[in-house]
Amino acid sequence: MNQGKLLEVDFGIGGITTQARPREMGDDLHSESMIVNLGPAHPATHGTIRIVAEISGEKILDADVDVGYLHRGFEKMCETVDYNQVMPYTDRLNYVSPIINNFGWCLTIEKLLEIEAPKRAQYIRVILSEISRVCDHLTCLGASAMELGAFTVMLYMMEARELLWDLLEEVTGARLTVSFGRVGGVKEDLTEGFGARMAGAFKQVREHLVNCDRLLTRNRIFIERMCDIAILTAEEATSFSLTGPMLRGSGVNYDVRKAFPYSSYDEFDFEVPLGSKGDNYDRFLVRFHEMEQSLRICEQAIARLPEGPIIVDDPHIALVPKDEVYNSIDGMINHFELVMYGVKPPKGSVYNAVEGGNGELGYYVVSDGSGKPYRAHVRAPSFIHMGSMRKMLLGANISDLIPTFGMINMIGGECDR
Amino acid sequence: MAAASRSIEELSGVLSETCGNYIVDSARERGDLIITVLPKDISAVLHACKQNPQLGFNLLVDITAVDWMDQRKERFEVVYQLLSIPNRSRLTIKVPVSEDSPEVASATSLWSGASFLEREVWDMFGIRFSGHPDLRRILMYEEFVGHPLRKDYPVQGKQPRIPLRGPEVENTARRMIRPDLVTIRPRVAASDASGGTGVLKR
């Protein structure tokens with residue numbers, strides 16, 4: 001439009017006025033675009049992922065997101081083992097919050113069996129899931145903050161995560177590969193005095209969160225790197241099938257815990273933080289506020305923890321107590337049957353979803369009546385979120401790639417399965 | 001708090017009103033509504049599910065497939081999971097797909113998120129999605145032969161390693177011109193000449 005129209009520029013040297021042609025997009029010294037390959041092994045791609053970006057100057061013209069470097073054949077492996085043996089595999093999906101994966105799988109098989117875990121087991125699931133969710137968000141935010149130069153925040157958040165992981169370790173016996181879920185309940189009860197230790201840990205976690213909030217939320221560098229970047233409107237976010245903090249960052253009120261309550265989530269009072277703009281900063285804020293809500297849920301659950309069994313009393317689903325196995329013929333047979341042939345749900349297919357750290361974590365399981373799943377599929381939020389990455393990157397600067405990727409919080413194990 | 005979730009009866013009624021002539025089978029399984037639709041009608045049904053405000057399925061949750069081998073007339077079954085956030089209801093759509101022409105219409109024009117999901121189904125099951133703008137493998141690599149989640153693909157199936165791809169990833173260090181390897185002459189100890197012992201000879 002203004003091609004050929006000359007701008008008058010006064011350089012202020014001795015009153016000489018010179019004329020310069022306005023620069024059009026691409027009418028630069030280096031006008032051809034350049035291909036930049038990021039990954040699959042790059043310190044800022046926590047997880048193996050490759051992004052091939054076409055850039056012009058600093059602007060990203062196009063980007064190809066290449067996932068699958070961590071593909072281990074989760075779904076194929078699930079078809080070869082029985083329902084409870086899938087549990088260790090689910091640990092390795094989203095390995096930042098493995099307990100939620102465990103319980104998601106358990107709930108799916110329970111829906112297939114049309115049973116419900118006992119109330120105490122449900123409450124234990126809620127407590128451990130919410131602690132895991134805080135760990136997940138802490139990892140996501142800590143790593144992203146570090147990539148933007150806020151190293152202290154990362155250290156504070158790792159410290160807070162360590163306190164929470166100690167709690168998980170105390171109950172499950174492991175930090176990462178917990179395998180704590182069982183079809184029909186949980187593996188073990190909470191330890192003696194868990195509530196008091198949890199309260200102590202939460203107090204310290206909250207102190208760390210206050211510090212992180214002071215360091216980050218109003219930090220000018222952080223805001224300038226996060227605000228107005230990678231904006232997705234509510235329509236775009238739903239169109240890309242986003243869920244979890246990514247969708248709520250765009251202002252869509254959808255949380256599986258509220259919309260389709262499972263494990264007694266409807267008995268707790270918590271809020272669902274929503275973003276207004278749908279940029280990276282909103283996703284950060286949503287995650288940050290969700291942590292406080294998760295802590296609140298834990299405190300309510302531990303205060304109202306019901307008494308009772310922690311796993312269903314059905315020898316075809318849960319292992320019978322050991323003294324029965326050793327002292328009665330029935331117990332022995334039941335134990336043998338369950339160990340050798342596994343849980344046998346009736347024929348049918350079922351889809352069940354829980355709110356994972358990153359969004360709706362769904363399992364689609366087809367049973368043919370045998371002890372092994374005929375087909376098991378995971379609806380992994382990270383994988384679907386990566387589908388929206390190209391859209392978010394178009395037109396952004398190359399430096400925006402890292403915070404955007406950080407806020408997606410891609411977990412390789414879950415994305416590539 | 002959103003309104004109470006819609007009952008299955010109500011949803012089933014609205015569905016049979018809006019796209020009843022496309023629905024081959026409708027079942028209620030464990031509290032979920034599952035409808036079966038033929039491959040030729042899936043576009044129309046998905047369109048109705050999304051655009052009809054009474055149904056309002058605005059989020060495509062998942063696309064996956066099941067390989068039934070010889071157990072069913074049509075070997076494959078593509079499974080769509082839809083979610084309506086305003087109505088708080090879910091819907092499962094199953095589409096039987098034959099082995100001879102495994103092809104379904106793509107949903108990418110309705111939901112952008114369908115792109116990755118359909119690429120995964122293509123990669124894992126070899127079911128094509130007509131109208132998909134960029135149907136490449138996604139989790140496996142391009143040189144991979146076969147579709148791993150088909151039941152006739154062996155669990156322990158191994159494929160040969162592929163050569164390095166493209167000039168930009170070639171290991172140029174291999175083409176460096178190097179001087180001949182330095183040869184190290186065997187050490188001859190002084191004591192050896194005088195018939196001493198304990199010295200290694202090469």
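**Entry 1: confidence in chain A**

I started with the elements of chain A and asked which has the lowest mean pLDDT. Strand β2 (residues 17-20) of chain A does, at 41. Strand β9(A) has the highest mean among the elements of chain A, 92. I note here that this is a predicted model.

Over residues 1-23 of chain A, pLDDT stays under 50. For this stretch I find 15 contacts beyond four places in sequence in the model. For chain A, the mean pLDDT is 85. Of its residues, 92% reach 70 or more.

**Entry 2: the sheet around β9(A)**

I went back to β9(A) and its neighbours. They form an open sheet of 3 strands in chain A, in the order β8-β9-β10, with antiparallel pairing. I looked for the edge strands and found β8 (348-355) and β10 (373-379) of chain A, each pairing on one side only. The twist averages 15° from one strand to the next.

I then counted bridges between β9 and β10 of chain A. Strand β9 (residues 360-367) of chain A pairs with β10(A) over 6 bridges, in the antiparallel sense. I picked A:V366 and traced its bridge partner in β10(A), which is A:R375.

What packs on this sheet? I find helix α3 (residues 98-113) of chain A there, touching β8 and β9 of chain A. The direction of α3(A) makes about 145° with that of β8(A).

**Entry 3: a helix pair in chain A**

I turned to helix α5 (residues 151-172) and helix α6 (residues 194-216) of chain A. Their axes come within 9 Å and cross at roughly 165°. Angles over 145 degrees count as roughly antiparallel, so α5(A) is roughly antiparallel to α6(A). I read the crossing of α5(A) past α6(A) as left-handed.

I listed the contact residues. From α5(A) they include A:V153, A:Y156, A:L163 and A:L167. From α6(A) they include A:F194, A:M198, A:V205 and A:L209. I also noted A:E159 and A:E170 on the α5(A) side, and A:R197 and A:H208 on the α6(A) side. By type, the residues of this contact divide into 16 nonpolar, 4 polar and 4 charged.

**Entry 4: the sheet of chain B**

In chain B I looked up an open sheet of 5 strands. Its order is β1-β2-β5-β4-β3, with mixed pairing.

I checked β2 against β5 of chain B. Strand β2 (residues 32-37) and strand β5 (residues 89-97) of chain B run parallel and are joined by 3 bridges. B:T36 stands opposite B:K94 in β5(B).

Two helices of chain B went into my notes. Helix α1 (residues 8-19) of chain B lies across β1, β2 and β5 of chain B, at about 175° to β1(B). Helix α2 (residues 42-51) of chain B lies across β2, β4 and β5 of chain B, at about 175° to β5(B).

**Entry 5: where chain B meets chain A**

Last, I looked at the interface. I find 27 residues of chain B in contact with 31 residues of chain A. On the chain B side, the elements giving two or more residues are β3 (59-67), β4 (76-84) and α3 (114-125) of chain B. Which element gives the largest share of that side? It is β3(B), with 6 residues.

Key. Residues are numbered from 1 along each chain as its sequence is written. Chains are lettered from A and ligands numbered from 1 in the order in which they are written. This is a predicted model: local features need pLDDT of at least 70, side-chain atom pairs count only at pLDDT 80 or more; totals for chains, interfaces and linings use all residues. Two residues are in contact if their C-beta atoms, placed from the backbone, lie within 7 Å. Helices (H or I, at least four residues) and strands (E, at least two) are DSSP runs, numbered from the N terminus. Two strands pair if DSSP finds at least two bridges between them. Axes are lines fitted to C-alpha atoms, for helices over the stretch in contact, and angles run from 0 to 180 degrees between N-to-C directions. pLDDT is the predictor's confidence in each residue, from 0 to 100. Angles under 35 degrees count as roughly parallel, over 145 as roughly antiparallel, 65 to 115 as roughly perpendicular and the rest as oblique. A crossing is left-handed if the near helix is turned anticlockwise from the far one by less than a right angle, and right-handed if clockwise. Ala, Val, Leu, Ile, Met, Phe, Trp, Tyr, Cys and Pro count as nonpolar, Asp, Glu, Lys and Arg as charged, and the others, Gly among them, as polar.
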